[in-house]
Amino acid sequence: QVQLVESGGGLVQPGGSLRLSCAASGSIYSKYRMAWYRQTPGKQRELVAVITSGPITNYADTVKGRFTISRDNPKNTVSLQMNSLKSEDTAPFFCNAVVTRYIGDSPREYWGQGTQVTVSS
């Protein structure tokens, strides 16, 4: 089984910064992609940023230029540096990973429990 544990959420003023981290544990052979999602009230969970094994990164238009996703493969972690935060960034953020657990395994998707980010003065 693979587990994802997020950390780093909290309360920050508009214009401030936060860094989210996600640690993946368990039997992991290969990581296809790792990503961050968020879920705002009344909306579906939306992709914020993704990083592949390339690594290739992609961001939601709403966070481009403000957020940076990075990964540390030996440590099986993915981070999200969030700068110039806005009130509309307030949401629970979820770590997502698509991995294989052993040679020949099919890629499977896993989710963390989420960490709350609140941007407010």
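Lys64 and Asp61 join their side chains in a salt bridge (a side-chain nitrogen of Lys or Arg within 4 Å of a carboxyl oxygen of Asp or Glu), with N and O 3.2 Å apart. Welcome to a predicted model, in which local features need a pLDDT of at least 70, side-chain atom pairs count only at pLDDT 80 or more, and totals for chains, interfaces and linings use all residues. Residues are numbered from 1 along each chain as its sequence is written, and side-chain values use heavy atoms, leaving out hydrogens and water.

**Confidence**

- The chain has an average pLDDT (the predictor's confidence in each residue, from 0 to 100) of 94, and 100% of the residues score at least 70.
- Strands here are DSSP runs of E with at least two residues, numbered from the N terminus.
- Among the elements of the chain, the highest mean pLDDT, 98, belongs to strand 2 (residues 10-12), and the lowest, 92, to strand 4 (residues 30-38).

**Salt bridges**

- Side chains of opposite charge can pair when their charged atoms come close.
- The whole structure holds six salt bridges.
- Buried means under 20% relative accessible area, exposed means over 50%, and partly exposed lies in between (1.4 Å probe, protein chains only).
- Lys64 is partly exposed at 47% relative accessibility, while Asp61 is exposed at 65%.
- Asp89 and Arg66 form another salt bridge, with their closest N and O atoms 2.8 Å apart.
- This pair links distant parts of the chain, 23 residues apart: Asp89 sits in the loop between strand 8 (77-82) and strand 9 (91-100), and Arg66 in the loop between strand 6 (57-59) and strand 7 (67-72).
- Asp89 is buried, with a relative accessible area of 1%, and Arg66 is buried too, at 10%.
- Asp105 and Arg108 also meet in a salt bridge, 3.5 Å from N to O.
- Arg38, Glu46, Arg66 and Asp89 belong to one network, joined by salt bridges that share partners.

- Four strands make an open sheet in the order 1-3-8-7, with antiparallel pairing.
- Strand 1 (2-7) and strand 7 are the edges, each with a single partner strand, so one side of each has no neighbour in the sheet.
- Two strands pair if DSSP finds at least two bridges between them; strand 7 and strand 8 pair in the antiparallel sense over six bridges.
- Thr68 stands opposite Gln81 in strand 8.
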